[in-house]
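Here is a short briefing to read alongside the sequence and the 3D view. Take your time, and look up each residue as you meet its name.

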Amino acid sequence: MQKIMLLIIQFYRKCISPLKPPTCRFYPTCSAYGMEAIKRFGALKGGWLTIKRIAKCHPFHPGGVDLVPEKEKKEH
């Protein structure tokens with residue numbers, strides 16, 4: 001599932017994004033955020049983080065720097 005999600009984002013970045021004007025309000029872009037989140041956390045949690053990020057991408061949100069959270073380190 002993770003590979004499929006990454007392929008969908010890559011398709012968007014190569015085929016759809018160039019057709020639109022650059023309007024992303026965040027750094028990194030939502031697609032870069034999604035790629036990193038899914039690679040770091042997997043399809044389920046990374047996908048959820050990506051959905052939450054895309055939901056914030058609207059004219060009423062100020063945008064800015066919004067990095068993928070660090071993975072929590074488990075203490076033994």
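The protein carries 14 positive and 5 negative side chains. The centres of these two sets lie 10 Å apart. Keep in mind as you read that this is a predicted model.

**Overall layout**
- The secondary structure of the protein consists of two helices and two strands.
- Along its principal axes, the C-alpha atoms of the protein fill a box of roughly 50 × 30 × 15 Å.

**Surface and interior**
- The protein has 76 residues, and 26% of them count as buried.
- Its accessible surface comes to about 6,000 Å². Carbon and sulfur atoms account for 64% of that surface.
- Now consider contacts in the protein between residues at least 6 apart in sequence: 70% of these join residues at least 24 apart.

- Which residues form a nonpolar patch on the surface? They are Met1, Ile4 and Ile8, and together they have about 350 Å² of accessible area.
- You can find Ile4 in helix α1, which covers residues 2-16.
- Ile4 has a relative accessible area of 48%, so it counts as partly exposed. The label "exposed" is kept for values over 50%.

- Helix α2 spans residues 30-55, and Arg53 is part of it.
- Is Arg53 buried or exposed? Arg53 counts as buried because its relative accessibility is 1%, and the cut-off for buried is under 20%.
- Which residues touch Arg53, leaving aside its neighbours within four places in sequence? Arg53 is in contact with Phe26, Tyr27, Pro28, Thr29, Cys30, Tyr33 and Asp66.
- Ser31 also lies in helix α2. With a relative accessible area of 14%, Ser31 is buried.
- Setting aside neighbours within four places in sequence, Ser31 is in contact with Ile9, Tyr12 and Arg13.

**Worth looking up in the 3D view**
- Next, pick out Ser31 in helix α2 and trace its contacts to Ile9, Tyr12 and Arg13.
- Finally, turn the model until you can see the surface patch formed by Met1, Ile4 and Ile8.

Note on methods
Residues numbered from 1 in each chain as written. Predicted model: local features only at pLDDT ≥ 70, side-chain atom pairs only at ≥ 80, totals over all residues. Heavy atoms only, no water. Helix = DSSP H or I, 4+ residues; strand = E, 2+ residues; numbered from the N terminus. Buried < 20%, exposed > 50% of the residue type's maximum accessible area, 1.4 Å probe, protein only. Contact = heavy atoms within 4.5 Å. Areas by Shrake-Rupley, 256 points an atom, 1.4 Å probe, with all protein chains shown as cover. Lys, Arg positive; Asp, Glu negative; His and termini not counted. Charge placed at Lys NZ, Arg CZ, Asp CG, Glu CD. Patch = residues over 30% accessible without salt bridge, like charges linked within 9 Å, V, L, I, M, F, W, Y side chains within 5 Å. Salt bridge = Lys/Arg side-chain N within 4 Å of Asp/Glu carboxyl O.
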